[in-house]
Amino acid sequence: MHIEYFQLVDRVETIDADREHVTCIATVPESSTIFEGHFPGHPLMPGTLLIEAMAQTSGYMLLSRFDFDRLPFLIQVARARIRTFVEPGTELVVKGALEHDGSGFAVTNGEILRGEERVADAELRFRTMPFPTDDLRDIVREYASRLGVSS
Amino acid sequence: MTAEFNQETFDAVAEIIADLSEVDKSEITPESHTVNDLGIDSLEFLDIVFDIDKKFGIKMPVEQWMEEVNEGTRDGDDFFVMKNLVIRIEELRAAA
(Lines give C-alpha, C1' and ligand atoms only; values in the text may rest on other atoms or scores of the structure.)
Protein backbone atom coordinates (compact mmCIF):
# COMPACT_ATOMS: atom_id res chain seq x y z
CA MET A 1 0.00 0.00 0.00
CA HIS A 2 1.41 3.38 -1.03
CA ILE A 3 -0.89 5.74 0.80
CA GLU A 4 0.80 8.92 -0.40
CA TYR A 5 0.25 7.83 -4.01
CA PHE A 6 -3.33 6.81 -3.23
CA GLN A 7 -2.48 3.22 -4.17
CA LEU A 8 -4.34 1.35 -1.46
CA VAL A 9 -4.34 -2.17 -2.88
CA ASP A 10 -1.22 -4.36 -2.91
CA ARG A 11 -2.47 -7.17 -5.08
CA VAL A 12 -5.63 -8.56 -6.61
CA GLU A 13 -5.95 -12.12 -5.36
CA THR A 14 -9.03 -13.24 -7.29
CA ILE A 15 -11.65 -12.01 -9.69
CA ASP A 16 -14.25 -14.66 -10.47
CA ALA A 17 -15.10 -15.78 -14.00
CA ASP A 18 -18.27 -13.66 -14.12
CA ARG A 19 -16.25 -10.71 -12.86
CA GLU A 20 -18.77 -10.08 -10.12
CA HIS A 21 -16.56 -10.80 -7.09
CA VAL A 22 -13.06 -9.60 -6.26
CA THR A 23 -10.67 -10.12 -3.39
CA CYS A 24 -7.61 -7.95 -2.79
CA ILE A 25 -4.85 -7.78 -0.21
CA ALA A 26 -3.90 -4.43 1.29
CA THR A 27 -1.29 -4.09 4.03
CA VAL A 28 -1.22 -0.81 5.91
CA PRO A 29 2.38 0.47 6.00
CA GLU A 30 4.27 0.69 9.28
CA SER A 31 4.96 4.37 8.72
CA SER A 32 3.51 7.19 6.69
CA THR A 33 3.31 10.97 6.94
CA ILE A 34 -0.45 10.47 7.30
CA PHE A 35 0.10 8.84 10.68
CA GLU A 36 1.95 11.92 11.90
CA GLY A 37 -1.36 13.74 11.93
CA HIS A 38 -3.78 10.85 12.32
CA PHE A 39 -3.01 10.82 15.20
CA PRO A 40 0.18 12.15 16.89
CA GLY A 41 1.56 9.27 18.94
CA HIS A 42 -1.52 7.15 18.17
CA PRO A 43 -1.34 6.17 14.48
CA LEU A 44 -4.54 4.87 12.89
CA MET A 45 -5.56 4.18 9.30
CA PRO A 46 -8.15 6.87 8.42
CA GLY A 47 -11.63 5.53 7.84
CA THR A 48 -11.97 7.53 4.62
CA LEU A 49 -8.98 5.62 3.24
CA LEU A 50 -10.60 2.31 4.18
CA ILE A 51 -13.56 3.37 2.06
CA GLU A 52 -11.18 4.30 -0.74
CA ALA A 53 -9.54 0.85 -0.46
CA MET A 54 -12.97 -0.74 -0.96
CA ALA A 55 -13.63 1.57 -3.90
CA GLN A 56 -10.29 0.72 -5.54
CA THR A 57 -10.93 -3.00 -5.01
CA SER A 58 -14.33 -2.80 -6.69
CA GLY A 59 -12.77 -0.56 -9.30
CA TYR A 60 -10.31 -3.25 -10.39
CA MET A 61 -13.18 -5.70 -10.78
CA LEU A 62 -15.12 -3.18 -12.88
CA LEU A 63 -12.08 -2.40 -15.03
CA SER A 64 -11.75 -6.12 -15.71
CA ARG A 65 -15.50 -6.47 -16.31
CA PHE A 66 -15.42 -3.68 -18.89
CA ASP A 67 -12.18 -4.94 -20.46
CA PHE A 68 -10.53 -1.60 -19.66
CA ASP A 69 -12.98 0.13 -21.97
CA ARG A 70 -14.49 2.23 -19.18
CA LEU A 71 -13.11 3.92 -16.08
CA PRO A 72 -15.16 3.76 -12.85
CA PHE A 73 -15.46 6.94 -10.77
CA LEU A 74 -16.71 6.74 -7.19
CA ILE A 75 -19.81 8.94 -6.92
CA GLN A 76 -21.66 7.70 -3.87
CA VAL A 77 -21.01 5.85 -0.63
CA ALA A 78 -24.01 4.44 1.23
CA ARG A 79 -24.37 2.67 4.57
CA ALA A 80 -20.64 2.92 5.31
CA ARG A 81 -19.54 1.37 8.57
CA ILE A 82 -16.04 1.67 10.05
CA ARG A 83 -16.31 -0.98 12.73
CA THR A 84 -12.94 -0.96 14.42
CA PHE A 85 -9.53 0.71 14.53
CA VAL A 86 -6.84 -0.32 12.06
CA GLU A 87 -3.23 0.14 13.09
CA PRO A 88 -0.09 0.41 10.92
CA GLY A 89 1.22 -2.96 9.70
CA THR A 90 -2.20 -4.59 9.54
CA GLU A 91 -2.88 -6.95 6.63
CA LEU A 92 -6.39 -6.42 5.30
CA VAL A 93 -8.48 -8.53 2.94
CA VAL A 94 -10.64 -6.24 0.84
CA LYS A 95 -13.61 -7.65 -1.03
CA GLY A 96 -16.07 -6.36 -3.58
CA ALA A 97 -19.27 -7.86 -5.00
CA LEU A 98 -21.26 -6.53 -7.92
CA GLU A 99 -24.77 -5.52 -6.92
CA HIS A 100 -25.88 -4.02 -10.21
CA ASP A 101 -24.37 -3.28 -13.61
CA GLY A 102 -26.44 -0.41 -14.96
CA SER A 103 -26.23 1.82 -18.02
CA GLY A 104 -23.29 4.10 -17.30
CA PHE A 105 -23.13 3.18 -13.64
CA ALA A 106 -22.41 0.25 -11.36
CA VAL A 107 -23.19 -0.57 -7.74
CA THR A 108 -21.01 -2.81 -5.57
CA ASN A 109 -20.86 -3.95 -1.96
CA GLY A 110 -17.46 -3.56 -0.36
CA GLU A 111 -16.09 -5.23 2.73
CA ILE A 112 -12.78 -5.25 4.64
CA LEU A 113 -11.69 -8.12 6.87
CA ARG A 114 -8.80 -8.51 9.32
CA GLY A 115 -8.66 -12.26 9.68
CA GLU A 116 -12.23 -13.23 10.47
CA GLU A 117 -13.09 -9.81 11.84
CA ARG A 118 -15.11 -7.40 9.74
CA VAL A 119 -13.41 -4.03 9.77
CA ALA A 120 -15.57 -2.00 7.40
CA ASP A 121 -18.31 -2.29 4.79
CA ALA A 122 -20.23 0.00 2.46
CA GLU A 123 -22.33 0.14 -0.66
CA LEU A 124 -20.43 1.93 -3.40
CA ARG A 125 -21.77 3.50 -6.56
CA PHE A 126 -19.67 4.32 -9.57
CA ARG A 127 -20.20 6.31 -12.72
CA THR A 128 -18.54 4.38 -15.53
CA MET A 129 -17.23 6.41 -18.44
CA PRO A 130 -14.91 5.93 -21.40
CA PHE A 131 -11.28 6.68 -20.55
CA PRO A 132 -10.53 10.36 -21.19
CA THR A 133 -7.32 9.43 -23.01
CA ASP A 134 -5.73 6.29 -24.45
CA ASP A 135 -2.58 7.09 -22.48
CA LEU A 136 -4.47 6.91 -19.19
CA ARG A 137 -6.07 3.62 -20.19
CA ASP A 138 -2.64 2.17 -20.97
CA ILE A 139 -1.24 3.37 -17.62
CA VAL A 140 -4.19 1.98 -15.65
CA ARG A 141 -4.11 -1.32 -17.53
CA GLU A 142 -0.39 -1.71 -16.93
CA TYR A 143 -0.70 -0.91 -13.23
CA ALA A 144 -3.70 -3.21 -12.81
CA SER A 145 -1.78 -5.97 -14.57
CA ARG A 146 1.07 -5.60 -12.06
CA LEU A 147 -1.47 -6.02 -9.26
CA GLY A 148 -2.78 -9.21 -10.84
CA VAL A 149 -5.70 -8.10 -13.01
CA SER A 150 -5.67 -9.84 -16.37
CA SER A 151 -7.16 -7.92 -19.27
CA MET B 1 -41.73 -3.37 -30.19
CA THR B 2 -44.74 -1.44 -28.92
CA ALA B 3 -45.98 -1.19 -25.37
CA GLU B 4 -48.72 0.77 -23.69
CA PHE B 5 -48.88 3.04 -20.69
CA ASN B 6 -49.34 1.03 -17.50
CA GLN B 7 -50.84 2.79 -14.49
CA GLU B 8 -49.31 0.36 -11.97
CA THR B 9 -45.85 0.94 -13.42
CA PHE B 10 -46.44 4.70 -13.34
CA ASP B 11 -47.44 4.51 -9.68
CA ALA B 12 -44.35 2.43 -8.84
CA VAL B 13 -42.02 4.82 -10.66
CA ALA B 14 -43.67 7.85 -9.03
CA GLU B 15 -43.20 6.16 -5.65
CA ILE B 16 -39.50 5.61 -6.36
CA ILE B 17 -39.04 9.23 -7.47
CA ALA B 18 -40.83 10.56 -4.40
CA ASP B 19 -38.70 8.34 -2.15
CA LEU B 20 -35.40 9.41 -3.68
CA SER B 21 -35.97 13.11 -4.36
CA GLU B 22 -37.57 16.17 -2.87
CA VAL B 23 -40.60 15.76 -5.15
CA ASP B 24 -43.98 15.04 -3.55
CA LYS B 25 -45.74 12.10 -5.18
CA SER B 26 -48.88 14.20 -5.70
CA GLU B 27 -46.90 16.52 -8.00
CA ILE B 28 -45.96 13.71 -10.39
CA THR B 29 -48.29 13.28 -13.36
CA PRO B 30 -47.97 11.34 -16.62
CA GLU B 31 -47.16 14.65 -18.32
CA SER B 32 -44.34 15.57 -15.91
CA HIS B 33 -40.86 15.90 -17.38
CA THR B 34 -38.50 14.29 -14.88
CA VAL B 35 -35.84 17.01 -15.28
CA ASN B 36 -37.67 20.14 -16.49
CA ASP B 37 -40.76 19.80 -14.28
CA LEU B 38 -39.65 17.67 -11.35
CA GLY B 39 -36.14 19.11 -11.13
CA ILE B 40 -34.43 15.76 -10.68
CA ASP B 41 -30.65 16.13 -10.92
CA SER B 42 -28.26 13.65 -12.48
CA LEU B 43 -27.28 11.93 -9.23
CA GLU B 44 -30.90 11.55 -8.15
CA PHE B 45 -31.75 10.26 -11.61
CA LEU B 46 -29.04 7.63 -11.29
CA ASP B 47 -30.50 6.51 -7.95
CA ILE B 48 -33.94 6.35 -9.55
CA VAL B 49 -32.66 4.32 -12.50
CA PHE B 50 -30.97 1.90 -10.09
CA ASP B 51 -34.22 1.35 -8.19
CA ILE B 52 -36.27 1.00 -11.39
CA ASP B 53 -33.74 -1.49 -12.79
CA LYS B 54 -33.95 -3.53 -9.58
CA LYS B 55 -37.74 -3.39 -9.23
CA PHE B 56 -38.47 -4.44 -12.79
CA GLY B 57 -35.44 -6.64 -13.49
CA ILE B 58 -34.34 -4.53 -16.43
CA LYS B 59 -31.39 -2.37 -17.48
CA MET B 60 -32.60 1.00 -18.65
CA PRO B 61 -30.23 1.96 -21.51
CA VAL B 62 -29.95 5.56 -20.37
CA GLU B 63 -26.58 6.12 -22.07
CA GLN B 64 -28.02 4.99 -25.40
CA TRP B 65 -31.05 7.24 -24.87
CA MET B 66 -28.82 10.22 -24.18
CA GLU B 67 -26.76 9.48 -27.30
CA GLU B 68 -29.92 9.43 -29.40
CA VAL B 69 -31.07 12.72 -27.89
CA ASN B 70 -27.66 14.33 -28.38
CA GLU B 71 -27.49 13.10 -31.98
CA GLY B 72 -30.93 14.57 -32.60
CA THR B 73 -32.46 11.26 -33.65
CA ARG B 74 -34.88 11.23 -30.70
CA ASP B 75 -36.60 13.83 -28.59
CA GLY B 76 -35.73 13.83 -24.90
CA ASP B 77 -39.44 13.85 -24.13
CA ASP B 78 -39.60 10.30 -25.55
CA PHE B 79 -37.62 9.11 -22.54
CA PHE B 80 -37.96 11.66 -19.78
CA VAL B 81 -41.66 12.57 -19.75
CA MET B 82 -43.25 10.23 -17.23
CA LYS B 83 -45.85 8.63 -19.51
CA ASN B 84 -43.18 7.90 -22.12
CA LEU B 85 -40.71 6.68 -19.51
CA VAL B 86 -43.35 4.21 -18.34
CA ILE B 87 -43.83 2.98 -21.93
CA ARG B 88 -40.03 2.57 -22.31
CA ILE B 89 -40.00 0.52 -19.10
CA GLU B 90 -42.88 -1.62 -20.37
CA GLU B 91 -40.95 -2.23 -23.61
CA LEU B 92 -37.90 -3.33 -21.63
CA ARG B 93 -39.99 -5.58 -19.37
CA ALA B 94 -41.57 -7.22 -22.41
CA ALA B 95 -38.15 -7.86 -23.93
CA ALA B 96 -36.60 -9.17 -20.71
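In the predicted model, B:Phe5 is partly exposed, with a relative accessible area of 33%, where buried means under 20%, exposed over 50% and partly exposed in between (1.4 Å probe, protein chains only). B:Phe10, by contrast, is buried, at a relative accessible area of 6%. The model is a prediction in which local features need pLDDT of at least 70 and side-chain atom pairs count only at pLDDT 80 or more, whereas totals for chains, interfaces and linings use all residues. Residues are numbered from 1 along each chain as its sequence is written, chains are lettered from A and ligands numbered from 1 in the order in which they are written, and side-chain values use heavy atoms, with hydrogens and water left out.

Six aromatic pairs are counted over all chains, a pair being rings of Phe, Tyr and Trp (its six-membered ring) with centres within 6.5 Å, stacked if the planes are under 30 degrees apart, edge-to-face if over 60 and tilted otherwise. One of them joins B:Phe5 and B:Phe10 in a tilted arrangement, with 5.9 Å from centre to centre and 45° between the planes. B:Trp65 and B:Phe79 form a stacked pair, at 4.8 Å and 10°; because B:Trp65 lies in helix 3 (residues 62-71) and B:Phe79 in helix 4 (residues 77-80) of chain B, this pair ties together parts that are 14 residues apart in sequence, helices being DSSP runs (H or I, at least four residues) numbered from the N terminus. B:Trp65 is buried, with a relative accessible area of 5%, as is B:Phe79, at 1%. B:Phe45, B:Trp65, B:Phe79 and B:Phe80 form one aromatic cluster.

Notes: Helices (H or I, at least four residues) and strands (E, at least two) are DSSP runs, numbered from the N terminus.
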